[in-house]
Amino acid sequence: MKTRTATPDLVLDVRPVPPRARLETIMGAYRQLAPGEVLELVVDHEPSCMYYTLLAEQGAEAFRFTYLERGPEVWRVQVEKREAES
């Protein structure tokens, strides 16, 4: 099964960011996305903490989280901020 990916509106590589500042850097970038925009995240560890933070804060319908690369040294995911349903 092929996964649909989009051209990212923003690519954020947090590998040079100190670990204690990474999650807030990532979440700040996500919050700045307009609905329909896509963030491509590049990290050096499993980014599931971002997924679970988004799930807790936004709900499962608010975003789409797609793995593009799964380590072992680099992980890349696309996070799409979905349009709000009315």
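Buried means under 20% relative accessible area, exposed over 50%, and partly exposed in between, with a 1.4 Å probe and protein chains only. This is a predicted model, in which local features need pLDDT of at least 70 and side-chain atom pairs count only at pLDDT 80 or more, while totals for chains, interfaces and linings use all residues. Residues are numbered from 1 along each chain as its sequence is written, and side-chain values use heavy atoms, with hydrogens and water left out.

**View 1. The open sheet has four strands in the order 1-2-4-3, with mixed pairing.** Helices (H or I, at least four residues) and strands (E, at least two) are DSSP runs numbered from the N terminus; two strands pair if DSSP finds at least two bridges between them. Strand 1 (10–13) and strand 3 (63–70) are at the edges with a single partner strand each, so one side of each lacks a neighbour in the sheet. On average, neighbouring strands are turned by 20° against each other, direction ignored. Axes here are lines fitted to C-alpha atoms, for helices over the stretch in contact, and angles run from 0 to 180 degrees between N-to-C directions.

**View 2. Strand 3 pairs with strand 4 (residues 75–81) in the antiparallel sense over seven bridges.** In this pair, arginine 64 stands opposite glutamate 80 of strand 4. Helix 1 (residues 19–32) packs on the sheet and touches strand 1, strand 2 (38–43), strand 3 and strand 4; contact means heavy atoms within 4.5 Å. The direction of helix 1 makes about 165° with that of strand 2. Helix 2 (residues 48–58) also packs on the sheet, touching strand 2, strand 3 and strand 4, and its direction makes about 175° with that of strand 3.

**View 3. Strand 1 and strand 2 pair in the parallel sense over four bridges.** Valine 11 stands opposite glutamate 40 in strand 2. From strand 1 the chain crosses through helix 1 to strand 2 in a right-handed β-α-β crossover: with the strands pointing away from the viewer, the path from the first strand over the helix to the second runs clockwise.

**View 4. The largest nonpolar core holds 19 residues, of which Tyr30, Leu41, Met50 and Val79 touch the most other members.** Such a core is a set of buried Ala, Val, Leu, Ile, Met, Phe, Trp, Tyr and Cys residues joined through side-chain atoms within 4.5 Å. At least two core residues come from each of helix 1, strand 2, helix 2, strand 3 and strand 4; helix 1 gives the most, with four. Beyond its neighbours within four places in sequence, tyrosine 30 is in contact with Leu39, Met50, Leu54, Gln58, Ala62, Phe63, Val79 and Lys81.

**View 5. Arginine 31 meets glutamate 24 in a salt bridge (3.0 Å, N to O).** A salt bridge is a side-chain nitrogen of Lys or Arg within 4 Å of a carboxyl oxygen of Asp or Glu, and the count by this rule is eight. Arginine 31 also meets glutamate 57 (3.5 Å, N to O), linking helix 1 to helix 2 across 26 residues. Arginine 31 is partly exposed at 40% relative accessibility, as is glutamate 57 at 45%.

**View 6. Arginine 76 and glutamate 40 meet in a salt bridge (3.1 Å, N to O).** Arginine 76 lies in strand 4 and glutamate 40 in strand 2, so the pair ties together parts 36 residues apart in sequence. Arginine 76 is partly exposed, with a relative accessible area of 25%, whereas glutamate 40 is buried at 10%.
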